[in-house]
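This briefing goes through the fold of one chain and the way some of the chains meet. The structure is shown first, and the points follow by topic.

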Number of protein chains: 10
Amino acid sequence: MDNKKEILDVFDNPNPERNYIIEHTAPEFTSVCPKTGLPDFATLILEYIPNKLCVELKSYKYYLNSFRNDGIYFEAVTNKILDDLVQVLNPRYMKLTAKFNTRGGISSIIIAEHKQEKSL
Amino acid sequence: MDNKKEILDVFDNPNPERNYIIEHTAPEFTSVCPKTGLPDFATLILEYIPNKLCVELKSYKYYLNSFRNDGIYFEAVTNKILDDLVQVLNPRYMKLTAKFNTRGGISSIIIAEHKQEKSL
Amino acid sequence: MDNKKEILDVFDNPNPERNYIIEHTAPEFTSVCPKTGLPDFATLILEYIPNKLCVELKSYKYYLNSFRNDGIYFEAVTNKILDDLVQVLNPRYMKLTAKFNTRGGISSIIIAEHKQEKSL
Amino acid sequence: MDNKKEILDVFDNPNPERNYIIEHTAPEFTSVCPKTGLPDFATLILEYIPNKLCVELKSYKYYLNSFRNDGIYFEAVTNKILDDLVQVLNPRYMKLTAKFNTRGGISSIIIAEHKQEKSL
Amino acid sequence: MDNKKEILDVFDNPNPERNYIIEHTAPEFTSVCPKTGLPDFATLILEYIPNKLCVELKSYKYYLNSFRNDGIYFEAVTNKILDDLVQVLNPRYMKLTAKFNTRGGISSIIIAEHKQEKSL
Amino acid sequence: MDNKKEILDVFDNPNPERNYIIEHTAPEFTSVCPKTGLPDFATLILEYIPNKLCVELKSYKYYLNSFRNDGIYFEAVTNKILDDLVQVLNPRYMKLTAKFNTRGGISSIIIAEHKQEKSL
Amino acid sequence: MDNKKEILDVFDNPNPERNYIIEHTAPEFTSVCPKTGLPDFATLILEYIPNKLCVELKSYKYYLNSFRNDGIYFEAVTNKILDDLVQVLNPRYMKLTAKFNTRGGISSIIIAEHKQEKSL
Amino acid sequence: MDNKKEILDVFDNPNPERNYIIEHTAPEFTSVCPKTGLPDFATLILEYIPNKLCVELKSYKYYLNSFRNDGIYFEAVTNKILDDLVQVLNPRYMKLTAKFNTRGGISSIIIAEHKQEKSL
Amino acid sequence: MDNKKEILDVFDNPNPERNYIIEHTAPEFTSVCPKTGLPDFATLILEYIPNKLCVELKSYKYYLNSFRNDGIYFEAVTNKILDDLVQVLNPRYMKLTAKFNTRGGISSIIIAEHKQEKSL
Amino acid sequence: MDNKKEILDVFDNPNPERNYIIEHTAPEFTSVCPKTGLPDFATLILEYIPNKLCVELKSYKYYLNSFRNDGIYFEAVTNKILDDLVQVLNPRYMKLTAKFNTRGGISSIIIAEHKQEKSL
């Protein structure tokens, strides 16, 4: 699972002199529960303030699709995606909100964020 | 009612070095009014920042189900669930919002939170 | 489970000469899955055209509450409630719609109706 | 309660040669439960095809307000209001839908209609 | 008020050989109550099957605006607008639904329709 | 109107050592306009942090019902209810939001709050 | 347009010792575009903390109605209404939010506020 | 504009022995008003029962995009698209609902359908 | 793909003497587009009148999950699932509505139904 | 693309002595993806505190329409529009929120703001 982030393409931030927010909402994320083997579904909301690089949208979609048959827990996959994007983009700020569909009558949201030191 | 918290299972926080939020929404909580014997219904929203432990979702569901035939007031059950989870998880932060269905034409929400000393 | 219908109280239809519709929506029905022992939750929508009798609302509530700890399937409980009400009220028409909450990611609705012969 | 319908004012239907529909929605109806003395609340939806007369809106409001402190059941008040309006207006068609707020966790709708013989 | 319909412009139905539906929703109709002098507000929904002519949208807007300071009742203005459009367009079918905002806590809908003889 | 607060019952706060929020929403408040004699309707949202006492829900309902036939203005009744509850409960914090239905095409909200000195 | 504010009536604030919020929402404001002569429509939300005086609701309605046939721009009318109310009421705080319906496919909101010096 | 339908690709209906419904909703249709040169926007809902052929989705999208800079009226474009699809697919039944965004404060819907002779 | 229907379990219809409706809504169906290899997502609504057999809910879920990595078109998969369920259950009536998420800006719904000969 | 801002007309701020907010929501923005040539659609929400000038609404609409056939990325077009408006209006504060429709199953929001130095 470690080389997934190679799927991610980037392009140069067209306005690096301004702190502005980019938000991508992907409502069709799916992976597999490592315990039961049953599919999990989530909506992922990515917000970030780009530094020098922005993530290319189509590659981000393929990156998310690559988890389709991976067995991974809610908490772990959310932190893993944030870590990959932070490594590739080195953003000034990044937040990932993962809203998982109900399982056993309980729905879950995981929210993780990253702040660049000395940047904002 | 004191040994209910033994139902709760935990697992290791996969990212203890980051402060991130886990939120579980359980819309099917039910207990019994100690005065009238009639059932009460609530949606419980649990939000927490894990320390070393996370609550296992299925055990949390069984824990909530264990109140099904207990007679207990709105205010008491909300504080009791928060106390149990704080004892088992020792979270950096935890908040429980219990939205009770209308009784006698009036609906009620109880919101309680716990902050770990010197942690946030 | 056979004497449950004795819980139901009735009162005289104040306008038996007119065919009119009575609809009661009970959003807090709960019983237990006979296979897993886990609670099921449903909203029950009862529609009927009264003949000589109407169901008293409070007794209908207590009748529904009596299923709280019974193990019974979606299809069976919907038909059972319809049968009991038909026997007690002998309505000109009756329809019961039971909307069960999601189980395993799938929600279910059961719709059953009764028509009095030679009445409408 | 028998002389309530004297509160209702009428005016001449400006287009009696055409069958058209008038619908008035009154969301603030309130009366009193004769058993418990507690207030009931309902939204009343009146639909009718006028014959020679239409009901004047302000008088209809005062007519509905006159039930504020009357003790009367859901089924009875719906049929009573329909009967009064039919007597005063002699409409070609009339339907009254009364949507009562939840009582004891159950909400109720009563639907009654009147068809003029040999008119539609 | 009789020459209002001269405001209405028309254009040739581009597909007179097919019965199809045109619906125009105008949410900003306003006139004046002839009794109180206070403004009334309504959403007008016009549906019709054109014959040889369609109503030009901008002229329809100016036609509706011409009622802005006229004193006229709900029932009368709905029938008046339908009559004007029927005379100008001679449609195969036409229906006008006028949804008036709440007055004295009661909202009203007037629905009138016209069917061409021997046409549908 | 001064002895209305005697209707209010209280019970001991089960968790006085924690500052937590209790919110009760009562959507069926009604009183009478002192000018016109016409009924007013409101939804009352009460939020408070209890000190030593909590308000008993059924008595709060009867307390609100006691205004049913009182003539009192929006602003006055909102402040009066807050004052009564503050006197009876001595809460650490209390806020009352009263959302009144539209009158003459205008809806109104009154929001008043009370903070205990040296408590939060 | 300068003497419009004489339409506004006031009454004494029943609780001047408490800072509380009064909010009036008027969804039926209409004036005329000075450029095109076409009507504009807006919802006006007035929020204020009264000082010694409150605005009487019916007079506020008539005040708003007085703009019905005035030609005035979005920005100007919002500031004009705020100025008039501030002069008449001398409130501790006042905010006016005017949400104008779409014109040429674009909807507009104007938000202006007034703070009394040395008051909050 | 006559050769637009050549953009449309088809594929064989996988179940021609069953009458089933295919519905495609395209919320991003845009063309240009021939009078003002300003853009129009619509949501197109296509429903049909296929005969031997189904429309390929991507080609349908490119077909709709081809109207982007065409000057054409609401009524004409709706009938034109229906005619093209009927010619290419020869469906057992087809209906096109075009919901146009508000223009001058009025929104419009055009609904046209085609029935194959001797087919349903 | 032909032996998928062996995943489906059944149980005896508890009320075969009554024609009643069972509806299962599965919002998490996913398969793969055979052209692009990209995932498709749909909500499947199954409605049927059981004959002698009902489908067991958990097996239906596993049956739907079995399409997760299959390449199959919208129209084909909808008809395939209907055919499998008809073969296994021999229902008196069955309808499958498959609502596919937007692809290329266009969302699609496929609706297929089966009627038992001489049964309804 | 550099002379687009000449399309923008301005008028004098009628209340320059007050800091107030103007918000324009344009739900029909469309440009073209420079990579695929396919159209993009967005809702643009412009909020600003005017200094000496306000943007004239009709010219703003024509300015936005001028992007209809330009190939430009989400991030670039949002920053470009903000820059043009800042140059023309020199506002005390300005924020542009661009909500782009879903592309490849992912929707995007770009939020950029400008603060006048030493102004707020």
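How far apart do the closest C-alpha atoms of chain B and chain J lie? In this predicted model, they are 23 Å apart, and no contact joins the two chains. Chain B and chain E likewise do not touch, the nearest C-alpha atoms of that pair being 22 Å apart.

**Interface of chain D with chain E**

- Contact between these two chains involves 15 residues of chain D and 13 residues of chain E.
- On the side of chain D that touches chain E, at least two residues each are supplied by β2 (21–32) and α1 (57–65) of chain D, and the largest share, seven residues, comes from β2(D).
- By residue class, that side of chain D divides into seven nonpolar, five charged and three polar residues.
- β2(D) pairs with strand β6 of chain E (residues 106–115) in the antiparallel sense, over five bridges, and Glu23(D) stands opposite Ile109(E) in β6(E).

**Fold and dimensions of chain A**

- Chain A has two helices and six strands, which follow one another along the sequence in the pattern β-β-β-β-α-α-β-β.
- Because its radius of gyration of 15 Å is close to the 14 Å that the globule rule gives for 120 residues, chain A is as compact as a globular protein of that length.
- Taken along the principal axes, the box filled by the C-alpha atoms of chain A is roughly 45 × 25 × 20 Å.
- Of the 120 residues in chain A, 38% are buried.
- Among contacts in chain A between residues at least 6 apart in sequence, those joining residues at least 24 apart make up 71%.

How values were computed:
Residues are numbered from 1 along each chain as its sequence is written. Chains are lettered from A and ligands numbered from 1 in the order in which they are written. This is a predicted model: local features need pLDDT of at least 70, side-chain atom pairs count only at pLDDT 80 or more; totals for chains, interfaces and linings use all residues. Two residues are in contact if their C-beta atoms, placed from the backbone, lie within 7 Å. Helices (H or I, at least four residues) and strands (E, at least two) are DSSP runs, numbered from the N terminus. Ala, Val, Leu, Ile, Met, Phe, Trp, Tyr, Cys and Pro count as nonpolar, Asp, Glu, Lys and Arg as charged, and the others, Gly among them, as polar. Two strands pair if DSSP finds at least two bridges between them. The radius of gyration is taken over C-alpha atoms; the globule rule is 2.2 Å times the number of residues to the power 0.38. A residue is buried if 20 or more other C-beta atoms lie within 10 Å of its own, exposed if 12 or fewer, and partly exposed in between; C-beta atoms are placed from the backbone.
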